[in-house]
Amino acid sequence: MIRFSEEVEDALRHGQGVVALETTLVAHGFPAGEGVTVAFESEQRVREAGAVPATTGVLDGEIRAGLDPADFERFDAAARKAGPRDLAACVAQGAVGATTVGGTLAICRTAGMRFMATGGIGGVHRGFPSPPDVSGDLAELARAQALVVSSGVKSFLDVAATAEALETLGVPVLGYRTDEMPRFYSAEGGPRVSARVESAEEAALVARAHWELGGGGLVLTRPPDRSIDVDTLIEAALEEARRRGLSGPPVTPFVLSYLHEASEGRTLAANRALVAANATLAAEIAVAYAGLRQDS
């Protein structure tokens with residue numbers, strides 16, 4: 001059911017570093033057209049660091065791992081958000097499915113891909129249990145033996161509650177040269193991470209040990225290079241979402257769009273920068289892990 005590009009299939013066969021990338025960022029995370037540019041930049045960053053990008057999505061009744069350049073244009077705002085629960089329906093119904101973090105991890109779990117890069121993971125929404133909204137990313141993180149490089153949890157979620165949920169699920173949250181979980185746009189103010197790592201090689205060693213002990217996913221949080229304070233704008237965005245009666249999957253693209261406009265593009269630039277930087281770091285860890293496997 002999964003169709004690999006020749007490049008990805010060859011890399012997996014020979015034990016090279018592979019980094020999975022999502023397509024919800026393309027379809028719903030950036031303004032029209034911008035997401036494709038970000039996706040191409042992420043793939044380029046992965047290659048420059050010595051690994052192979054495996055951008056995922058559902059097209060023409062198939063799950064894809066590794067896309068052709070023309071495929072990216074098909075992931076527009078009309079694409080379904082494809083989390084773990086949605087992949088089978090997208091395949092069976094021939095729908096365009098833009099994979100979320102959780103959807104991409106479900107593909108990683110089936111395909112044997114160990115590393116993924118994204119902007120921010122989903123989690124527990126503010127106000128839980130009203131609304132009773134928890135991202136499918138968390139359950140899939142507990143299941144998939146994969147490491148996700150992100151800039152923490154999406155900052156409009158309940159970051160502290162998400163950290164507690166990850167602890168309950170046994171998912172390590174590593175800090176890349178930081179003791180705090182970054183809050184997406186901000187490097188500071190989040191809960192403490194479970195362990196700090198100083199290098200890609202150290203992260204690869206922790207991941208290998210975690211998997212050898214039967215563990216599932218790990219989150220490696222990398223702080224943004226430049227922090228911006230958007231807490232007030234986030235509150236306004238969430239209030240507007242409530243006023244419009246939005247809940248569930250539509251909330252994320254609405255809030256991101258609101259922030260991009262209200263911040264006069266500052267959050268858009270920050271989001272693009274951190275996605276690219278996370279892709280680089282994920283590739284470096286994937287290459288380091290491949291080296292560990294060759295040495296063992």
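**A close look inside**

Modeller: Ala277 counts as buried, because its relative accessibility is 12%; buried means under 20% relative accessible area, exposed over 50% and partly exposed in between, with a 1.4 Å probe and protein chains only. Please keep in mind that this is a predicted model, where local features need pLDDT of at least 70 and side-chain atom pairs count only at pLDDT 80 or more, while totals for chains, interfaces and linings use all residues. Residues are numbered from 1 along each chain as its sequence is written, and side-chain values use heavy atoms, leaving out hydrogens and water.

Ala277 sits in helix 11, residues 266-295 (helices are DSSP runs of H or I with at least four residues, numbered from the N terminus). Not counting residues up to four places away in sequence, Ala277 touches Arg45 and Arg222; contact means heavy atoms within 4.5 Å. Pro224 is 53 residues away from Ala277 along the chain, yet their C-alpha atoms are separated by 8.4 Å.

Now turn to helix 5, the part I would like you to study. Among the buried ones are Val101, Leu105, Ile107, Cys108 and Ala111. At the start of helix 5, a side-chain oxygen of Thr100 comes within 3.3 Å of the backbone nitrogen of Gly102. Just past helix 5, Gly112 has a positive phi of about 80 degrees.

What does helix 5 pack against? One partner is helix 6, residues 136-143: the two axes come within 8 Å and cross at roughly 20 degrees. Axes are lines fitted to C-alpha atoms, for helices over the stretch in contact, and angles run from 0 to 180 degrees between N-to-C directions. That crossing makes helix 5 roughly parallel to helix 6 (under 35 degrees is roughly parallel, over 145 roughly antiparallel, 65 to 115 roughly perpendicular and the rest oblique). Helix 5 passes helix 6 in a left-handed crossing, a name used if the near helix is turned anticlockwise from the far one by less than a right angle, with clockwise being right-handed.

Which residues meet there? From helix 5 come Val101, Gly102, Leu105, Ala106 and Arg109, and from helix 6 come Asp137, Glu140, Leu141 and Arg143. By class, this contact has 4 nonpolar, 1 polar and 4 charged residues. For the classes, Ala, Val, Leu, Ile, Met, Phe, Trp, Tyr, Cys and Pro count as nonpolar, Asp, Glu, Lys and Arg as charged, and the others, Gly among them, as polar.

Let us finish with Glu140, which belongs to helix 6. Glu140 is buried, with a relative accessible area of 2%. Its side chain is joined to that of Arg109 by a polar contact of 2.6 Å; such a contact is a pair of N or O atoms within 3.5 Å, where within protein one must be able to donate a hydrogen and the other to accept it, and residues adjacent in sequence count only if both atoms are side-chain atoms. Leaving aside neighbours within four places in sequence, Glu140 is in contact with Pro84, Gly102, Leu105, Ala106 and Arg109.

Technical notes. Helices (H or I, at least four residues) and strands (E, at least two) are DSSP runs, numbered from the N terminus.
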